[in-house]
Amino acid sequence: MKEGHFQILNRCPLKRTRGIIMKIKISKIILYLILGLITIAWIVPILFIFVLSVSSGESILQYGYTLFPREITFDAYTYIIKNPAQIINSYKISIIVTLLGTFLGVLCTTGLAYAMSRKDFVANKVLNLFVTFALLFHGGLIPTYIVVTQWLHLGNTLWVLILTLLVSPWNVFLMRSFISGIPTELLEASFIDGATEFQTYFRIVMPLAKPGLASVGLLIMFGYWNDWYQGMLYIDDMKLTPLPLLLYKIISNIQYVLQNSQYINAANNFPTIGARMATCVIAIAPMLLAFPFFQKYLAKGLTLGSVKG
Amino acid sequence: MKKNKVLKDLRRKYPLLILALPGVLLILAFNYLPLTGLVIAFKNVDYSKGIFASDWVGFKNFEFFFKSFDAFRITRNTLVLNLLFIVFSTVISVTIAIMLYYVGKNMLKVTQTVLFLPYLVSWIVASYALEAFIDSRNGVINQSLSAIGAESVNFYYQPNYWYVILVICYVWKVAGYYSILYYTRLLSIDPTLYEAADIDGATTWQKIRYITIYMLRPMIVMLVLLGIGNIFYSDFGMFYFLTRDNGMLYPVTDVIDTYIYRALRTINNPGMGAAVGLVQSVLGFILVVSANAISKKIDEEGSLF
């Protein structure tokens, strides 16, 4: 009797643990499956853009859009390469705007953020209030449009694409929280050693804020590379059309043609869906390829940005 | 004496002013200067006379808008869609974050990278991808419908489907970003909490409910409040490109921001557009400031700005 009791007592925990382990394994497998499905669902739309850019027109007509085209063709790309002037030009505009904008943007944002982070500076409070209000209250699209086109006369210039996005209050706050993470003792030590404000800024603050510079710089960079809004508002000149705006113009031209000509077989005369998707691929490919390499910095910037704006 | 001190500090630290100057000037030009342009909300804009010389019309622009049928429609669409966005994106990103947390590091890198991709592409690209699904003839959905013999749907002419379409697109775009935020927060949970719960015999669900979700709560509250603070604003690109600015869809997809854009570009009534924008800015400002106050009250650390 007593022995039996013992045996049961001894076995019970073992059996239970085994059961739990089994359970955990099964629930883990289910989790993997769900996450796998979510991942697939998320990548499929982007895959479609790639696949449709190499699908032949006939197979689309026959089978519709599918991830597994019967026939693969690079016609769309040769079509674009045959007439590359516009896309090369747009690439050029986008690259100039992105490089110049990111460089100047990081410089201006960091300078302002550093002055805001210095609690011993008398103008500190005023500067913070100045940027906070700009973050919270917007004039809105139309007053901004009028200021940029009528007063600053920036319409249809390369500068409008760069200047309007150069310093965003949000990024300034983000940068400030990075810089605030630098121990003030380091700055004090630098001043005691006789360094000037500029020396301290460039030799101590900038190097220590490198992760912040990377994160904010990437945010600014993506902002510029993806921007179509400024172009749509202020640019009519095809010579100044950045890449994302070109994508939009292609699609809206096709829309226009399709709506206004029932007689032409649009598929034969205008860039087919393949050509449009190929343009799309050419526009997003550099970013998608580069992304995994700087994902870490970008994620860091984004997480910090939302937790402490 | 005090003034002297201020001047002295400014003189001693003038390099800080120089560093801040370019940023200040740019914010002045593109954030503050437009505020003076808000006067056109009270004017009948006549470009030949110039903005400031145009005739004053008092609140006529506001009256015109609020008496129109559009006022109700765009306000309702903006609020309803934003609420749907907040609810669905929050629930789904929290769920994904918790799943990632339980699975551990094995799948993290791939899943996170893939989920994050849509956040990086523009709405124009997203609109290309959407077309592959909902195109009236070749789209995946209509192909499947015809395969099972059902009638095809022309989504670009049917406003009612767009509640679902927009919510799906929104979640697709932002879930990766928000789930990274939540996941990062989860990593800071002290593992001994779970060990303690194990000893007390808690089930997995109990642990999720009382530890994981409990720990996420301040962040969820904060992000939801941030969303509510911005509820009068929409992502213009999303509504403009996904719908192809299709008038047939306006009953559901026309929001304040697309309306203002049309006031500027197609209807050509900048005075009224600016009036709508002013109302949006004032309401938005009040909401954000109150959201921040509430957030601060709930959690000292949770202040949004």
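**Exercise 1. The interface of chains A and B**

Determine how many residues each chain gives to the contact between chain A and chain B, and which helix of chain A supplies the largest share.

*Solution.* Step 1: two residues are in contact if their C-beta atoms, placed from the backbone, lie within 7 Å. Chain A contributes 79 residues to the contact and chain B contributes 75 residues. Step 2: on the side of chain A that touches chain B, the largest share, 14 residues, belongs to helix α1 (residues 2-53) of chain A. Helices here are DSSP runs (H or I, at least four residues; strands are E, at least two), numbered from the N terminus. Step 3: this side of chain A comprises 58 nonpolar, 17 polar and four charged residues. In this classification Ala, Val, Leu, Ile, Met, Phe, Trp, Tyr, Cys and Pro are nonpolar, Asp, Glu, Lys and Arg are charged, and the others, Gly among them, are polar.

The model is predicted: local features need pLDDT of at least 70 and side-chain atom pairs count only at pLDDT 80 or more, while totals for chains, interfaces and linings use all residues. Residues are numbered from 1 along each chain as its sequence is written, with chains lettered from A and ligands numbered from 1 in the order in which they are written.

**Exercise 2. A helix pair across the interface**

Classify the arrangement of helix α6 (residues 141-151) of chain A and α14(B), and list the residues that meet.

*Solution.* Step 1: the two axes come within 7 Å and cross at roughly 125°. Such axes are lines fitted to C-alpha atoms, for helices over the stretch in contact, with angles from 0 to 180 degrees between N-to-C directions. Step 2: α6(A) and α14(B) are therefore oblique to each other; angles under 35 degrees count as roughly parallel, over 145 as roughly antiparallel, 65 to 115 as roughly perpendicular and the rest as oblique. Step 3: L141(A), I142(A) and P143(A) of α6(A) meet P270(B), G273(B), A274(B) and G277(B) of α14(B). By class, this contact holds five nonpolar, two polar and no charged residues.

**Exercise 3. A residue of α14(B)**

Locate V279(B) and decide whether this residue is buried, partly exposed or exposed.

*Solution.* Step 1: V279(B) belongs to helix α14 (residues 270-298) of chain B. Step 3: although V279(B) and F62(B) are 217 residues apart in sequence, their C-alpha atoms are 8.7 Å apart in space.

**Exercise 4. Domains of chain B**

State the domain bounds of chain B and describe the contact between the domains.

*Solution.* Step 1: an automatic or database domain assignment gives domain 1 (2-56) and domain 2 (60-302) of chain B. Step 2: the contact involves seven residues from domain 1 of chain B and six residues from domain 2 of chain B. Step 3: the domain 1 side has five nonpolar, one polar and one charged residue.
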